[in-house]
Structures are given as C-alpha cells and as structure tokens.
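Please keep the sequence and the structure in view while reading.

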Amino acid sequence: MQSFHVKPGPLSSASFTDVPAPLGTLVTEYRIEASTAIAYPVQAGQYIQIIDVEGSQCSDFLAFAGDRHQEELDSTVTRTLLGVAMPQAGLHSKYFSQTMQPLVEVIQDTCDRHDSFLLACTNKYYEDAGYFDHPSCSDNFNQVLAPYGIAPRLGWPAINFFFNTAVDDSGGITSAESWSRPGDYVLLKAHQDLLCASSACPDDIDPANGWHPTPIHVRIYAAEENFPRAIGRRSASELPLRLTQDSAFTPRVRSLTQNLAEYNSFWVPMSYPHHGDQAEYWALRERVALMDLSALRKFEVIGPDALALLQWTFSRNVAKLAVGQSAYGCLLNPHGGMIDDGIVFRLGEVAYRYIGNCDTDGLWLQKVAKEKGFTVTISNSSDRLHNLALQGPYSRDLLEPLVEIDDGWEIENLNELKFFRFVTGTVGEVPVLLSRTGYTGELGYELFVHPNQGAQLWDVLMKAGGAYDLLPLGMQGLDRARIEAGLLAAGREFNDLISPYQVGIGWSVGLKTKPDFIGRAALEKIRDRPPFVGVGLLLEGNEVAGGGQCVYPVGDYWRVGHVTSGTFSPVLNRSIALAQVAPEYAQAGTELEVGMMDGIKRRIRVEVGPLSLYDSSKSRVRA
C-alpha cells in the first residue's frame, strides 16, 4: 500500500473522521498507511503530531538536520545528556543529535510508553523468523530517504513511538503489545529545520502492533502555536485521559523556577534555583515554608448514609469526628490492603470531605455505596479546591494577623485551632478552609482555596512571609522532610497489597472502636503477625539508600526486609531511611545491614529506630 500526502488547507482534516480534531492551525497532514513509511520536511519551530489511529500501532521516527542531512537524531546521546531512557514533556524533553544539538522536543505525550533502545524492525528480523520478503521499517525508510541522498542501512536506530519495551532485572529487553489507544499521540516541536521520516510498522509476527498493523497519522502545526506541555495519564478505564495541568499557584511558581516535574497530573516545583533544596528545607525546619499541594484529590461525600459509607471504607472511626475535625487514615480493600491514605474532614452533620491521592478513590467510594445501597453522593471537587501548605515553627505567627475566622466555629483566633481541626474564614480577605494539618513533621497549616483566588492567596502569604524569611518549598525538600517525619508516600511505602500494619500505621485501624468495615477479617489476622513492619533506619556514614535496597541481618546472606525511601537528614546530620523489615528485626536498637549495589560488594551497618526519626513524639506538630 502507498502512503499519501494530504494538501494543506482548512478542509484537509475533514477527510479524516478516525482521528481526534487538530490541536491548532494545520500546516499540513499525512496519512501513513499500514506497513509503509514517509519522509517529510519540518521547519524550525513547527510542531509534529504523530497519532496512532486505531491503537496498538508502533511508529518509528527519524530526524535529520544540516544541508546534507548529515546530522541525525541520536538516542544514545539523548539518554546520556538527560539521564533518562526516554525524554518526557517537561524539563528533560529534548532529543539530541550526535553533535549534542537539540533536534526535537516532546511537548505532549498521551501514551508515555516508547522505545529508544532497539533498531526499527529489519529484514533480518523477519528472515530469522522465517518470513522472507516481509516489509520492514528500516527497508521502508531506505526507500523514502533515497531521494534525499541518504544512504541505506540494514537497520535504522529510530525512536520507536508506542513500542512497548522494557529492560528486565537480567538485562534482557522485553517487548509486548503497545499500550497506546486509538487517538493517542506524541507532539514534538522542531528545534531546527528537519527532514523527518515516520513509519507505520509492518510487524505482524509478534504482539508489537497487536498482530495487526494499522495506519499512523502525522500532522504539522504552525510555529506560531504555543501548545502547553503535558503528559497523559490514565488511572481507570472509566476515567478519561488526564493531561498534566497547572494549579492555581503554578504561574507564580514558574516566575521563581523552571525546575518543574509532572506529579500526579500536575506540574510541581522540584526546587527553586536561587535558594536550592537545602535552603528550602532549613526554612521549613527553622522558620516557615510555602508549598503547592494541589495535586491531592478532593471528594465530597454527602447524604444520609455518608457516615455509614466512610465507616465501612475508611480505617478510622469517623463517627468520633465532630464538625470541624479531621482524621488521617486509609481506604481499605477486602484483603486489608491500602487503596490510598488520606484525611476525612467532617464539614456538617451529613457532609464529609475525603482528601487523598488518586482519582480512583472516588470510583471506589461510589462502587461500595452502590453495592451497599447507601443514600450518599460522591463528587470530585478537586478542580474547585487547590491548596497550599504553610509549614514551619513560625507558620502560626505569620498567619495569625491575616486570619479572620467565620462565626460559628467556637474559636476566635488561630491560637485556639488544635491539631487536626479546621475552620473557614479569610486570609488577607481571600476565602479559605484553613486546616491544621501537614506533611512535614512541623507545626503547619493547609489552606484550601478556589483556584480563581489562588494567585491572590499566594501573594498574600509570600508578602507576609518576608518578615519571617519564608521560602517556597519544592518536592525535593518536602520529600526529605517527610522521610524524617516517617510520613508515607504512595507507591513507595504502600500500595493495595500492603496493610496499614506493615507500613507502621496500624494505630489508624479501628478494630477496637467500630464493629465492622472492609478488610476487618483480614486485618485481624495480619495484626498479630504482619509480614513486615515499617521502621526508620539510621545508617553509618553519609551514603544514601535511595530505596529498593535489601536489608540483612549482620553477616548473614538472607534478607529480612527492604528500604522504601532514603535521604540524608540535615537536622540529624546522617543518612536515614524508611524500611519494612520482618517483625523479629523491628525492635529499636537492632543492628542490621543494608546491601548497596548487588548487596555483596558493600553493606552499610544500620540501627533500627522508630518510623519517625525526627520528633517521634510529634511535639512540634502539636505545639
């Protein structure tokens, strides 16, 4: 089959009803039929959108710069310069040439699963499998590049968009069916005038293309466009693709740092270059720091059976909460695993708010409510509530003159607001829900605001913070602080196969205070002897265990646990870690070893401590 080029013009996209609408003003577009390839020019500044039309289809990509196309995209140079296997939209987004010049940049990516290690498929691959005269991407590239004077190759080192590969623990490269769905795409920006080539891979002898090669669609957009950077994430089949978004505070953050990364579908700062994460950290521990935590998900749980639903799904006894009180705990599954951790706020007699990490938390609550026949409404309010955390020993002093508490909360000033209590009111005339909670191990507050007034709230707090030498805090400093305080991170300390007893928050399970709830039977058995127990580790020396290393008895060959997170603690002046170890080795003071590298070449002696190695009595957050 032959590929064809659709002439540019406002009506050209109307010919294609099987791909999403154009993102902007089209310069031109191409349909690459299955098992073929095309070459096409792109000018500097223009955008290239490579679309998987039917899903599960791989598309190899080449780019050449220079008068004789002598400079070409080089994935090895790219990996070396960026330190990542594949560039992503954001800070590490560019593909480089062999002379280390950027050729294209990833602007948007809705699949986020590609390959840069393997050649485009070759004739040899098919011949070795017994398929002679089978079309290959490399041979198709040779044909379309020949008119440009580019010499043929047996195999082209392409970027294999939508090709699902991975490197396993033994060093083997595995491949499987593509993750891409119909309409998934990669949007690139050209940094030079380029000759590009794209294929619709002909592989039908393995699962790479779902056993059935299909077309690829390519669109070129004008350089005048300004597409936002975004990564597409899917959290459940029932939920739409979610692109990375800004919070209400991100424009203010961008004015201070460009070191942003995608986290839970939001752009968040990693650190601020004029200070650095060490200075941000010390501002938190000694003065006051401000951070954007809008990536949390908020769900309103309202109705006559709201309490019954939360009593059934949440680990804490929610019935004990007064209006204006909140509680930390976790959503449980039937085998006692942690679906997520979060906080339940009681806003009224039959009105609660659950704040966690996942879009699927709401789906789970809805599913359980339907199964139990509860009269309750669960709605996602995340787009109406963005939040800042103001944390540090001077956070109360900073906030107190700015806060006006609404009538009816039975307190008159901030000094009366206790730990895990909240009120509504204003801060600098901005309406907020003000909660005395945090994720740092310090005295602090979280301020929830409508996004329309987020920038105003940020400005009020930053201006008032000048008197206290406030610094904005990025994720690097926050991660250091939460490890010191023994606070959990989803995906590192817990997941849906791990119980609260394993991660060290068995105290949050209401076995003694409520009669029944999801997972109770399983947790009653796990409580007496969980497979692991969450602990803190104090390491000898300054070397950091970044997570994943195995923990051993001193001098022995078998494992007793593993590290989940590690950091160097400035306030403790030593390397620390969170770990999960067998209960027999979880007593404070026990000496163990952490295996670095292969666990044989070097081991570091460690001492077991409490989960919270910094302020284990929580005196600072309760101050």
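**Briefing on selected features**

In the hairpin formed by E10 and E11, five residues lie between the strands, and Gly171 adopts a positive phi near 95°. The model is a predicted one.

- Strand E10 covers residues 164-167 and strand E11 covers residues 173-176; the two pair in the antiparallel sense over four bridges.
- Asn164 has Ala176 of E11 as its bridge partner.

**The open sheet**

- An open sheet is built from five strands in the order E21-E22-E23-E20-E24, with antiparallel pairing.
- Its edge strands are E21 (326-332) and E24 (377-380), each of which pairs on one side only.
- On average, neighbouring strands of this sheet are turned by 30° against each other, direction ignored.
- In general, strands of a sheet pair through backbone hydrogen bonds, in either a parallel or an antiparallel manner.
- Seven bridges join E21 to strand E22 (residues 338-348), and this pairing is antiparallel.
- Within E22, Asp341 is the bridge partner of Cys330.

**Helix H6 and the sheet**

- Helix H6 lies across strand E20 (297-302), E21, E22, strand E23 (351-356) and E24, and runs at about 130° to E20.
- The buried residues in H6 are Ala306, Leu309, Leu310, Gln311 and Thr313.
- These buried residues of H6 pack against the strands E20, E21, E22, E23 and E24, and also against helix H7.

**Helix H6 and helix H7**

- The axes of H6 (residues 306-313) and H7 (residues 360-372) come within 10 Å of each other and cross at roughly 110°.
- Because of that angle, H6 is roughly perpendicular to H7.
- The crossing in which H6 passes H7 is right-handed.
- On the H6 side, the contact is made by Leu309, Trp312 and Thr313, while H7 contributes Trp364, Leu365, Val368, Ala369 and Lys372.
- By class, the residues of the contact between H6 and H7 are six nonpolar, one polar and one charged.

**Helix H5 and helix H10**

- Helix H5 (residues 277-286) packs with helix H10 (residues 475-484) at an angle of about 50°, and their axes are 8 Å apart.
- H5 and H10 are therefore oblique to each other.
- H5 and H10 form a right-handed crossing.
- From H5, the residues Asp277, Gln278, Tyr281, Leu284 and Arg285 meet Gln476, Gly477, Arg480, Ala481 and Glu484 of H10.
- The contact of H5 with H10 comprises three nonpolar, three polar and four charged residues.

- Phe141 is located in helix H3, which spans residues 137-145.
- Is Phe141 buried or exposed? Phe141 is buried, because its relative accessible area is 0%, and the cut-off for a buried residue is under 20%.
- Leaving aside residues up to four places away in sequence, Phe141 touches Ala37, Asp60, Phe61, Leu62, Ala120, Trp156, Ala197, Ser198 and Ser199.
- Phe141 and Arg153 are 12 residues apart along the chain, and their C-alpha atoms are separated by 8.9 Å.

Definitions and conventions: Residues are numbered from 1 along each chain as its sequence is written. This is a predicted model: local features need pLDDT of at least 70, side-chain atom pairs count only at pLDDT 80 or more; totals for chains, interfaces and linings use all residues. Side-chain values use heavy atoms; hydrogens and water are left out. Axes are lines fitted to C-alpha atoms, for helices over the stretch in contact, and angles run from 0 to 180 degrees between N-to-C directions. Angles under 35 degrees count as roughly parallel, over 145 as roughly antiparallel, 65 to 115 as roughly perpendicular and the rest as oblique. A crossing is left-handed if the near helix is turned anticlockwise from the far one by less than a right angle, and right-handed if clockwise. Contact means heavy atoms within 4.5 Å. Ala, Val, Leu, Ile, Met, Phe, Trp, Tyr, Cys and Pro count as nonpolar, Asp, Glu, Lys and Arg as charged, and the others, Gly among them, as polar. Two strands pair if DSSP finds at least two bridges between them. Buried means under 20% relative accessible area, exposed over 50%, partly exposed in between (1.4 Å probe, protein chains only).
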